Amino acid sequence: MNIVTVHNLHKTFGKGENAVHALNGIDLSIEKGKFTAIIGSSGSGKTTLLNMIGGLDTPDEGEIIVDGISLSGLKEKELAVFRRSKVGIVYQNFNLVPTLTVRENILFPLSLAGTTPDPVFFSELVELLHLQEKLNAYPHELSGGGQQRTAIARALIARPSILLADEPTGNLDSRSGQNVLGLFKLSVEAYHQTLVMITHNLEIAQMADRVIRMEDGRIRR
Ligand SMILES: Nc1ncnc2c1ncn2[C@@H]1O[C@H](COP(=O)(O)OP(=O)(O)OP(=O)(O)O)[C@@H](O)[C@H]1O
Ligand SMILES: [Mg+2]
């Protein structure tokens, strides 16, 4: 079953001579429960594509369907609900809230949605990502790896339909990057999550079920 279907996606930034065709007609299906890696040189459109799938940006042309929802049909408010309930995102620079503890950061998406956490799931996730001892710490008190593990827990807590990660180990040294990635994979597999990850690291790409290579705003077949 496909959890994401993208059809004929186009996106241009800027106008006239300065126009950049970031996406040049993307067709893509992503299978539920699989780990898909997106690779390609800088500027090839990877982040633009990921942002579209996550409902963070809108295409000029084309269709995106995530978990049965056609994004082009959504109004801004509905899109916000879509992002909150269906999408988990992990960024290269962690994007944690510095004034909140690890526990509060993880629970932040639920508090925004006004839902209460399932304490059993919360404990499982925290244990899986080795954060038990860190729950009352603030992000700056953690290593980069600890911060990224917190961000992964935050992305998973609402049990999203799809998990998007944009170079999640890009700011980590190779050892802690491998460590974080191993735990990331474990938690994704434990909950049969669908993961789409941009990476420049070919070793990481090799761990994926499928690798998509982008070039000049297109998928290289
Ligand atoms: N908001 C924007 N305004 C103008 N141009 C943009 C914007 N976002 C992306 N672009 C341009 O679109 C192209 C694709 O960018 P994108 O960020 O998707 O590439 P990428 O594959 O993620 O690259 P990297 O590996 O460096 O992160 C680039 O030429 C970039 O400069
Ligand atoms: Mg990028």
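I take strands, and helices likewise, as DSSP runs numbered from the N terminus, a strand needing at least two residues. With that I went through the model, which is predicted.

I looked up Asp-216 and found it in the loop between β9 (210–215) and β10. Its phi is positive, about 50 degrees, although Asp-216 is not a glycine. Asp-216 has 14 C-beta neighbours inside 10 Å, so I put it down as partly exposed.

**Entry: the sheet**

Next I traced the sheet that β9 and β10 belong to. I read the order as β6-β7-β8-β3-β9-β10, an open sheet of six strands with mixed pairing. Which strands stand at the edges? I noted β6 (87–90) and β10 (218–220); each has a single partner strand, so one side of each lacks a neighbour in the sheet. From one strand to the next, the twist averages 25 degrees.

I followed β6 to its partner. Four bridges join β6 to β7 (residues 162–166), and the two strands run parallel. For Val-90, I found the bridge partner in β7 to be Ala-165. Helix α5 (residues 144–156) packs on the sheet here and touches both β6 and β7. I recorded about 170 degrees between the direction of α5 and that of β6.

I went on to Glu-167, which sits in the loop between β7 and α6 (174–190). Glu-167 has a phi near 50 degrees, a positive value in a residue other than glycine.

**Entry: ligand 1**

I turned to ligand 1 and listed the residues around it. They are Phe-13, Gly-14, Val-20, Ala-22, Gly-40, Ser-42, Gly-43, Ser-44, Gly-45, Lys-46, Thr-47 and Thr-48. Which elements each supply at least two residues of this shell? I found β2 (20–31) and α1 (46–53). The most comes from α1, which gives three residues. I also sorted the shell by class: three residues are nonpolar, eight polar and one charged.

Notes: Residues numbered from 1 in each chain as written. Chains lettered and ligands numbered in written order. Predicted model: local features only at pLDDT ≥ 70, side-chain atom pairs only at ≥ 80, totals over all residues. Pairing = 2+ DSSP bridges. Axes fitted to C-alpha atoms, helices over the stretch in contact; angles between N-to-C directions. Contact = placed C-beta atoms within 7 Å. Near = placed C-beta within 6 Å. Nonpolar A, V, L, I, M, F, W, Y, C, P; charged D, E, K, R; others polar. Buried ≥ 20, exposed ≤ 12 C-beta atoms within 10 Å, placed from the backbone.
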